[in-house]
Amino acid sequence: MATQHSRSAARLMMSPAVILLLGWMLVPLIMTLYFSFTDYRPVALPPTVAECCVGFENYVRFFTASAFMDSVWTTLIMVGGILAITVVGGILLAILLDQPMWGQGVVRILVIAPFFVMPTVSALVWKNMFMDPVNGLLTHLWEFFNATPINWLTDVPLFSIIMIVSWQWLPFATLILLTAIQSLDSEQLEAAEMDGAPAIKRFWYIILPHLARAITVVILIQTIFLLSIFAEIFVTTNGAFGTRTLTYLVYQRVLESQNVGLGSAGGILAVILANIVAIFLMRIVGKNLDA
Amino acid sequence: MTMTMRALLGATALCTAASVVSAQETTLTIATVNNGDMIRMQGLTEDFTEQHPEIALEWVTLEENVLRQRVTQDIATNGGQFDVMTIGTYEVPIWGQQGWLVPLDDMPEGYDADDILPAIAGGLTVDGTLYAAPFYGESSMVMYRTDLMEEAGLEMPDAPTWEFIKEAAAAMTDEEAEIYGICLRGKAGWGENMAFLTAMANSYGARWFDEEWNAQFDTEAWSNTLTDYLDIMTNYGPPGAANNGFNENLALFQQGKCGMWIDATVAASFVTNPDESEVADSVGFALAPDNGLGKRGNWLWAWSLAVPAGSDAPDAAKTFIAWATSKEYTELVAENEGWANVPPGTRTSLYENQEYLDAAPFAQMTLESIQAADPTNPAVDPVPYTGVQFVAIPEFAGIGTQVGQEFSAALAGQQSAEEALSNAQALTEDEMSAAGYN
C-alpha cells in the first residue's frame with residue numbers, strides 16, 4: 001500500500017512528463033483557439049495579422065457555409081464505410097488465417113503488407129494502376145468481360161476512396177482480431193462441435209462474443225485515425241465530387257485560402273465534433289471494455 | 001609530440017578553420033521547386049561558387065505545392081528562413097505590392113535586364129519595378145499529332161480557331177482504338193483546370209471580375225466557354241477526364257492516346273523526346289485557339305527567383321539571382337547538357353540564337369505564345385487584376401480551387417453547366433464580400 005509520502009514522491013517524479021505532454025497538447029490548441037477569434041489573413045491586401053477579436057464571426061461563417069454540413073456527412077460516411085469494410089473483412093480474414101495451412105507465415109506477411117505502404121503511395125498506386133479509366137487494371141478487367149469500364153474516381157469517388165483506405169486498414173483490423181481469435185480456448189469450440197452446434201452458430205455464439213473487445217479496440221483506434229483522413233483525398237480527387245471531409249475543408253481554408261482565422265475556427269469545430277463522436281463511441285461500444 | 005608542437009598544430013588547425021569561415025562568410029538559403037531545370041541548376045552551382053568563394057549555398061528543394069505553402073508562411077510571418085525564393089507569376093505581384101520582396105532594380109553590373117521578354121517582365125513588375133528575375137517561362141499552346149491530322153485530311157493552321165479545334169477533335173477521335181481527339185485538364189484546382197479554363201474564357205470574351213470586382217460567372221461569355229468545354233470533352237475527350245491534370249494528360253499524349261493537347265509549352269520537350277514519348281516524331285505545334293475576339297486562350301507563367309525583404313544577405317542573394325538568370329548561365333547549360341535543355345522562355349536573345357532554334361523545334365511557337373499573352377490586359381474587356389490564367393489577388397487560390405471543383409463536377413456529369421456556373425457565381429460573391437472587396 002502506498003504511503004502518503006511515496007504517493008507525493010511519485011507525483012513529483014511524474015510531473016515533468018505530465019507538464020511536457022500538457023504543454024505539447026495545450027500550446028497548439030490554445031493558439032488555434034486564439035486564432036479562431038481573430039481576423040488573421042496573412043497574405044490579404046493589406047494583411048490582417050491576428051487582429052483580435054472578431055467574436056464568433058469565424059465560427060458562424062464556417063458553420064453556415066454550405067460546404068460545412070456536406071463535409072460532415074462526407075466524413076461520417078467515409079469513416080462508417082471504412083469501419084464496416086475493415087471490421088467485417090478483418091473478422092473473415094482473421095478466421096481464414098487462423099486455419100492451419102501451408103505457407104501460413106508468408107500469407108500472413110502478405111496480408112499485413114498494405115499497412116506498411118505510405119498513404120500517399122497507396123493512393124497513387126490505386127489511382128494510376130487500378131482505377132485509371134484508360135490504362136487501369138480494373139478498366140482492362142471490365143473490358144475483358146465486355147463491360148463498360150467504370151470511371152471510378154469520378155463516378156463513384158466516395159466509394160473509391162473508401163476502398164483505397166479500407167485496403168490500407170484491413171491488415172490492422174485483421175492483425176488485432178487474429179490475435180484475439182488465437183487467444184480463444186479451442187476446447188470450448190471442440191465441445192460445442194461435439195454437442196452438434198453448426199459452424200455458423202459456433203461463430204455467432206462463441207467466436208463473435210469473444211472478439212467483442214478486440215472489435216471495440218479496432219473501431220476506437222480506427223475512428224480516431226480516420227477522422228483526420230487526408231492524403232488519399234488530396235492525391236485522388238483534391239476534394240472534388242463530394243469527397244471533401246471536414247479535415248480537407250479546414251486545409252482548404254487555412255492553406256489554400258490563407259485564412260488562418262476561419263480555418264482555426266473550423267479546426268476547433270472539428271476537434272469538438274471528433275470528441276462528440278469519441279464520447280458517443282465510448283458509451284455505445286466502449287462498455288465492452290469494462291467486461 | 002612535444003607540447004609546443006601540439007600547440008603549433010592546434011593553432012594551425014584553428015587558423016585554417018578560421019580562414020574557411022571567413023572565406024565563406026555568407027550562406028544563402030535557397031528555396032526551390034523540384035522541377036528538372038532547377039535540379040540541373042543545383043548541379044551547376046560549382047561555376048557560381050568558384051566565382052564567388054565568399055558565398056555558400058544551401059538548398060531547400062520542395063514539391064510545388066509544399067514549396068508554395070512553405071515560402072508563403074515564411075514571408076507572411078517574416079520568418080527570414082530563406083534568402084532566395086522560387087515563386088511564380090501569381091505570387092510576385094501580390095508580394096511586391098505588400099513590400100515583402102526586395103526590388104531588383106539594381107542588379108550587378110553586366111546583367112542585361114532589358115533582354116528579358118517584355119510579357120514575362122510585365123508579370124513580375126509592380127508599378128514599374130521588377131521584383132523577381134525569371135528562371136524559366138512558359139505559355140500554353142496546341143500540341144497535336146501530325147499523323148492523325150493527315151489521316152483525318154486536315155491541316156492545322158499556325159493560329160487555329162476553337163471552331164477548327166472542335167472539327168479536328170471530332171475527326172481524330174477513334175474510341176475503339178483508344179484515341180481521343182483532345183485531352184484537356186479537368187482536375188480541380190486553381191493551377192489545374194482553372195488555369196486552362198480561365199485562359200480559354202479570355203478568348204471567349206469572358207473575365208473573372210468586372211472593374212468593380214463583381215464576379216462574372218452569370219454572363220453569356222462564361223456560359224459559352226463552359227458549354228463548349230464540356231461539349232468538346234464529353235464527346236472527344238478521354239474517359240475520366242475530370243481527374244486529369246498536367247501529368248495525366250502528358251502520359252496519355254506520350255502513349256499516343258490524344259489527338260491534341262492544349263497545355264504548357266514546357267511539355268513540348270517531353271512529348272518530342274524519343275526516350276519518353278511513343279509519338280515523338282509526329283508532334284506538331286500551333287498557337288492556342290481564339291474566337292476572333294482578339295485574345296487567344298494561352299496563359300503565361302514564369303518560375304522566378306526573388307529576395308524576401310527579411311533576408312539578411314540581400315546583396316549576395318542578388319548576385320546569385322543574377323548568375324542563375326543570366327545569359328552566361330544559359331550558355332553554361334548548353335555547354336554541359338546541350339541547347340535543347342536550356343531554361344526556355346525568359347530572354348529575347350535566346351530566341352535569336354540559331355543554335356537554340358535548331359535544337360528546339362518548338363522554340364518559335366513557344367516565343368509567339370509567350371508574346372501573345374498580356375498579363376496586365378488578359379481579357380477582351382477591361383479587368384482590375386493582373387494575371388492571364390489567374391487573378392493576382394491573395395483570395396484567388398482558395399476561390400479558384402472551389403470554382404474548379406464545380407466545373408470538374410460538371411465535367412464528371414454530376415451537375416449541368418448552368419448549375420456549376422451559378423454555384424461558382426455564388427461562392428465567388430461570398431468569398432469576395434467576406435474579403436472586403438464589395
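Buried area is the accessible area, found with a 1.4 Å probe, that two parts lose on being put together, summed over both. The size of an interface is often given as this lost accessible area. The legends below concern a predicted model, in which local features need pLDDT of at least 70 and side-chain atom pairs count only at pLDDT 80 or more, whereas totals for chains, interfaces and linings use all residues. Residues are numbered from 1 along each chain as its sequence is written, chains are lettered from A and ligands numbered from 1 in the order in which they are written, and side-chain values use heavy atoms, with hydrogens and water left out.

**Figure 1. The two domains of chain B.** The domain assignment (its bounds come from an automatic or database source) divides chain B into domain 1 (26-138 + 300-366) and domain 2 (141-298 + 384-435). Their C-alpha centres lie 28 Å apart. Twelve residues from domain 1 of chain B and 22 residues from domain 2 of chain B make the contact, where contact means heavy atoms within 4.5 Å. About 1,500 Å² is buried between domain 1 of chain B and domain 2 of chain B, with 74% of it on carbon and sulfur atoms. Of the area that domain 1 of chain B buries against domain 2 of chain B, B:Y90, B:F362 and B:M365 supply 47%, more than any other three residues. Between these two domains the count of salt bridges is zero; a salt bridge is a side-chain nitrogen of Lys or Arg within 4 Å of a carboxyl oxygen of Asp or Glu.

**Figure 2. The interface of chain A and chain B.** Here 34 residues of chain A are in contact with 37 residues of chain B. The two chains bury about 2,800 Å² between them, and carbon and sulfur atoms give 49% of this area. A:L45, A:V134 and A:F241 supply 22% of what chain A buries against chain B, more than any other three residues. How many salt bridges cross the interface of chain A and chain B? The rule finds one. In a salt bridge between the chains, the side chain of A:K127 meets that of B:E248 (2.6 Å, N to O).

**Figure 3. A salt bridge within chain B.** Over all chains, the structure holds 16 salt bridges. One of them joins the side chains of B:R68 and B:E91 (2.8 Å, N to O). This pair links distant parts of the chain, 23 residues apart: B:R68 belongs to helix α4 (residues 64-76) of chain B and B:E91 to helix α5 (residues 91-98) of chain B. Helices (H or I, at least four residues) and strands (E, at least two) are DSSP runs, numbered from the N terminus.

**Figure 4. The second largest pocket.** On a 1 Å grid over the protein atoms alone, a pocket is an open set of points with protein on both sides within 12 Å along at least five of seven lines, whereas a cavity is a set of points where a 1.4 Å probe fits but cannot get out; lining residues have an atom within 4 Å of a point. Grid points are joined across faces, edges and corners, and a volume is the space filled by probe spheres set on the points. The second largest pocket has a volume of about 660 Å³. Its lining comprises 29 residues, and A:S66, A:A67, A:R244, B:Q402 and B:E406 lie nearest its centre. Two or more lining residues come from each of α2 (57-64) and α3 (66-98) of chain A and α17 (396-411) and α18 (417-434) of chain B. With seven residues, α18(B) gives the most to this lining.

**Figure 5. The largest cavity.** The structure holds five cavities of 30 Å³ or more. About 160 Å³ of space lies in the largest cavity. It is lined by 16 residues, of which A:R41, A:S257, A:N259, B:E395 and B:E431 are the closest to its centre. The elements that give two or more residues to the lining of the largest cavity are α17 and α18 of chain B.
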